[in-house]
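How do the helices of this model pack, and what do its rings do? Here is a short report on both topics.

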Amino acid sequence: MTKALLYKDIVAIKKYAAMMLLLGVVCTLLLRSSGSSLIIMVYASSLLMTTLAIDERDFFYRRAVSDKGNRKAIVVEKYILLLILLIVSGVMALIMEMVLSRLYGTETNGLVIATTVLTGLALSSFAGGVTIPMTLKFGAEKARILIIVCYLLPAVAVMWTQEKLSAIELSVPLLMVMLIVFSVSVLTVSAFVSIRIFQSKDL
């Protein structure tokens, strides 16, 4: 069932993914600064909302759900899709960071570039981890405004804490580990919450 659900979602977002990919690459090249490639990762995680909205519009849940096991599989598939989007966009962001370093002389240190991409992973994991349970709980339309706020909060938090983190002088490897742990923790908690919401949801 999971493979069929993944295929359905990938086909549904293929056109949107191509448009967002092009927009992300263009914005990255126009901004010309290290870290601007994270736009690609944010765009990728936002595709999740598209699949959830399409499922709701087409009354997919009512047709697909027959027992608790199917409900869990539907939720798990969304997180597998999110991981695929994050991995693909993360690789693309890494490539774009290297392109920026060649074209515009931005950051060339491999560890720093990797940390930048992992920061994007953490932000996108948070955004995606909030999108799934909120949409399952409130529906795509009601959750849209709240989700926009949740997308902005981590970005503002990073800007606010950037100076403080530089003052603490955390080592790059430690920061990388912290970002990975944060991403895994957010997605794990979000998955458990989403499964509970969806299993008790009246379709």
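## H2 against H5

The crossing of H2 and H5 is right-handed (near helix turned clockwise from the far one by less than a right angle). Helices here are DSSP runs of H or I, at least four residues, numbered from the N terminus. H2 and H5 pack at about 15°, with their axes 9 Å apart. Axes are lines fitted to C-alpha atoms over the stretch in contact, and angles run from 0 to 180 degrees between N-to-C directions. H2 and H5 are therefore roughly parallel (under 35 degrees).

This is a predicted model: local features need pLDDT of at least 70, side-chain atom pairs count only at pLDDT 80 or more, and totals for chains, interfaces and linings use all residues. Residues are numbered from 1 along each chain as its sequence is written, and side-chain values use heavy atoms, without hydrogens and water.

## H1 against H2

H1 (residues 2–31) packs on H2 (residues 38–57) at about 155°, with axes 9 Å apart. H1 and H2 are therefore roughly antiparallel (over 145 degrees). Their crossing is right-handed.

## H5 and its end

H5 covers residues 110–138. Its 29 residues should span 42 Å at 1.5 Å a residue, and its end C-alpha atoms are 42 Å apart, which agrees. The expected span is 1.5 Å times one less than the number of residues. Just after H5, Gly139 takes a positive phi of about 90°.

## A charge over a ring

Arg71 lies over the face of Phe198, at 5.8 Å from the ring centre (CZ of Arg within 6 Å of the centre and within 35 degrees of the ring normal).

Notes: Helix = DSSP H or I, 4+ residues; strand = E, 2+ residues; numbered from the N terminus. Parallel < 35°, antiparallel > 145°, perpendicular 65-115°, else oblique.
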